[in-house]
Number of protein chains: 2
Amino acid sequence: MILALAGGVGGAKLANGFAKNLSPDQLLIVVNTGDDFEHFGFPISPDLDTVTYTLAGMSNTTAGWGLAGESWKFMNALERLGGEGWFRLGDQDLATHVMRAAWLSEGQNLSDVTAEITKRLGILHSIVPMSDQQVRTVVETEAGRMSFQMYFVREQCGPVIKNIYYEGATKANPSQAFMSALDREDVDAIVICPSNPLLSIAPILALREVRARLVAHNAPVVAISPIIDGKAVKGPVAKIFKEIGLDASALGVARYYGDLLDGMVIDTKDSGLEASISVVGPQTLVTETLMRSTDDQIQLAREVMEFSQLLSRRDNTKVGSS
Amino acid sequence: MILALAGGVGGAKLANGFAKNLSPDQLLIVVNTGDDFEHFGFPISPDLDTVTYTLAGMSNTTAGWGLAGESWKFMNALERLGGEGWFRLGDQDLATHVMRAAWLSEGQNLSDVTAEITKRLGILHSIVPMSDQQVRTVVETEAGRMSFQMYFVREQCGPVIKNIYYEGATKANPSQAFMSALDREDVDAIVICPSNPLLSIAPILALREVRARLVAHNAPVVAISPIIDGKAVKGPVAKIFKEIGLDASALGVARYYGDLLDGMVIDTKDSGLEASISVVGPQTLVTETLMRSTDDQIQLAREVMEFSQLLSRRDNTKVGSS
């Protein structure tokens with residue numbers, strides 16, 4: 001059984017690779033909700049939707065966000081009426097937000113709502129929010145303090161980040177499915193998908209007890225670097241790493257996760273960093289980590305699973321010989 | 001200055017005829033909000049939207065409701081997620097509801113919001129809700145008590161109506177613009193558009209003091225029959241008239257409005273009813289009342305205005321000779 005921690009696009013791709021390799025009972029995908037926000041009264045969960053649409057085979061792989069074949073009649077009409085257009089709500093995507101709002105207002109929690117949406121879209125694997133309580137990622141920038149979406153979408157990641165806060169995280173409990181997985185002893189690997197460590201993974205790790213329980217878990221924790229050759233595969237991860245004073249490289253990622261990791265998967269372009277990462281702690285797998293196609297997703301997921309098994313056996317050997 | 005009371009499609013057509021004949025300061029269109037309801041958390045104002053879209057030249061004249069060139073991507077996606085599909089929200093129409101919700105939640109009243117929407121859509125004439133307070137038309141049918149939209153859209157006007165209630169009406173004040181018009185002495189005519197008397201006009205008349213003030217007003221009150229030759233031009237008016245025990249004819253309409261009317265406009269097909277209507281009270285204008293085109297709307301509006309002037313002069317003569 002694989003417990004995958006994911007954020008947006010990169011995480012969604014690897015999670016999809018796992019879903020193609022594993023049966024529904026062998027995979028739990030836990031998704032960041034720190035990016036969630038309210039827009040026009042709709043509760044928007046960008047990362048949950050990215051993972052959901054990716055697993056449903058509905059995502060717009062060209063744009064890297066939203067739905068394939070999306071249309072924008074609503075948005076154009078909204079702007080005609082003077083509505084803010086910086087966050088683009090597609091006609092079809094909007095239905096997800098409207099139904100999420102309806103179900104939440106009926107008293108269902110985000111886990112229930114996500115289960116309902118994924119089921120309706122034909123997804124058999126479990127996609128769950130990291131928490132059913134509100135966590136909000138807020139960035140303190142040179143242009144002021146702002147919500148993640150304001151920074152990411154409206155400001156296009158322009159302002160220099162001075163600090164990042166995960167408001168509500170330390171008081172928020174992991175969702176029930178996530179909590180149960182943390183309690184299970186038959187987890188084969190905990191995989192930190194190639195998502196932004198500071199924006200997509202950190203909110204998950206910041207939840208009540210989560211980091212400590214992951215460190216203490218008997219399953220190996222393996223991260224895939226979202227930085228290849230010093231550059232982000234997608235998004236502002238390299239820029240933000242530098243602004244925060246971290247090394248924008250796979251080594252910087254390994255250092256950031258620190259004692260959490262048993263294994264680190266880096267791209268062949270970064271093979272030169274293998275020795276330095278070993279010094280930090282985790283075992284390293286060097287392979288092709290860029291996922292251009294579904295086949296790439298399936299292949300990388302398989303390699304991560306095999307790598308985790310090796311780590312697992314090594315751990316067992318250690319335990320056995322101690 | 002014309003004060004027009006309107007409901008949905010028929011009312012919107014004649015209101016549009018007035019707008020084409022009159023300058024913005026010569027017309028106030030007061031619209032029924034008894035049909036308003038909440039759907040998926042959106043505040044929906046069907047009659048306000050019908051009048052607005054008609055005056056903006058955006059209405060779907062073939063379907064008789066909604067916007068021309070509307071698309072249904074949102075609705076299809078919503079139904080895929082299990083959302084109720086009985087009330088069709090088009091992709092473009094949805095923007096109106098979302099912006100209305102946003103502005104109402106900011107504390108604007110429905111009059112302000114309607115002014116903003118109409119302005120954005122390029123409408124110069126004033127369209128105002130009958131009230132800024134909530135009035136809800138509820139029908140008691142043989143299949144139970146239900147909101148107007150449930151009856152009208154979901155149940156397709158099937159159940160036999162036993163009674164109709166305008167919940168909240170007697171405690172609701174007319175909107176400020178409507179109230180001001182009721183106070184003005186320079187109103188040339190109060191026109192009851194060819195909308196359903198029981199469902200579109202009655203909620204307006206049921207508002208605090210409105211019926212009494214219309215009766216007492218110095219301007220002539222003129223109604224255009226929405227029933228021609230015993231049949232509704234559109235909608236369930238003839239069916240409901242029969243169910244409630246009223247005569248489904250222009251005469252029945254005249255009797256229903258009773259002492260409110262100074263003038264009644266009926267179709268040439270109903271010329272045989274002229275004498276009977278005179279007995280009820282109002283003066284009668286017999287003309288072509290079916291509006292198939294914008295030209296028909298302009299023509300009927302003009303005839304109604306000329307007829308009102310005659311009534312007005314007659315009233316003045318009466319006052320002068322008394």
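**Close-up 1. A:Q156 is an exposed residue, with 10 other C-beta atoms within 10 Å.** The cut-off for exposed is 12 or fewer such atoms, so A:Q156 qualifies. The model shown here and in the other views is predicted. A:Q156 sits in the loop that links α6 (148–154) to β8 (161–167) in chain A. The residue is not a glycine, yet its phi is positive, near 50 degrees.

**Close-up 2. B:E209 occupies the loop between α8 (197–205) and α9 (210–216) of chain B.** Its phi is about 70 degrees, a positive value in a residue that is not a glycine. B:E209 has 13 C-beta neighbours inside 10 Å and counts as partly exposed.

Close-up 3. The contact surface is shared by both copies: 100% of the contact residues of chain B recur in chain A.

**Close-up 4. The fold of chain A comprises 13 helices and 14 strands.** Its radius of gyration is 19 Å, close to the 20 Å given by the globule rule for 322 residues, so chain A is as compact as a globular protein of that length. The C-alpha trace spans about 70 × 40 × 40 Å along its principal axes. Of the 322 residues in chain A, 49% are buried. Among contacts in chain A with a separation of 6 or more, 66% join residues 24 or more positions apart.

Definitions and conventions
Residues numbered from 1 in each chain as written. Chains lettered and ligands numbered in written order. Predicted model: local features only at pLDDT ≥ 70, side-chain atom pairs only at ≥ 80, totals over all residues. Contact = placed C-beta atoms within 7 Å. Helix = DSSP H or I, 4+ residues; strand = E, 2+ residues; numbered from the N terminus. Rg over C-alpha atoms; globule rule 2.2 N^0.38 Å. Buried ≥ 20, exposed ≤ 12 C-beta atoms within 10 Å, placed from the backbone.
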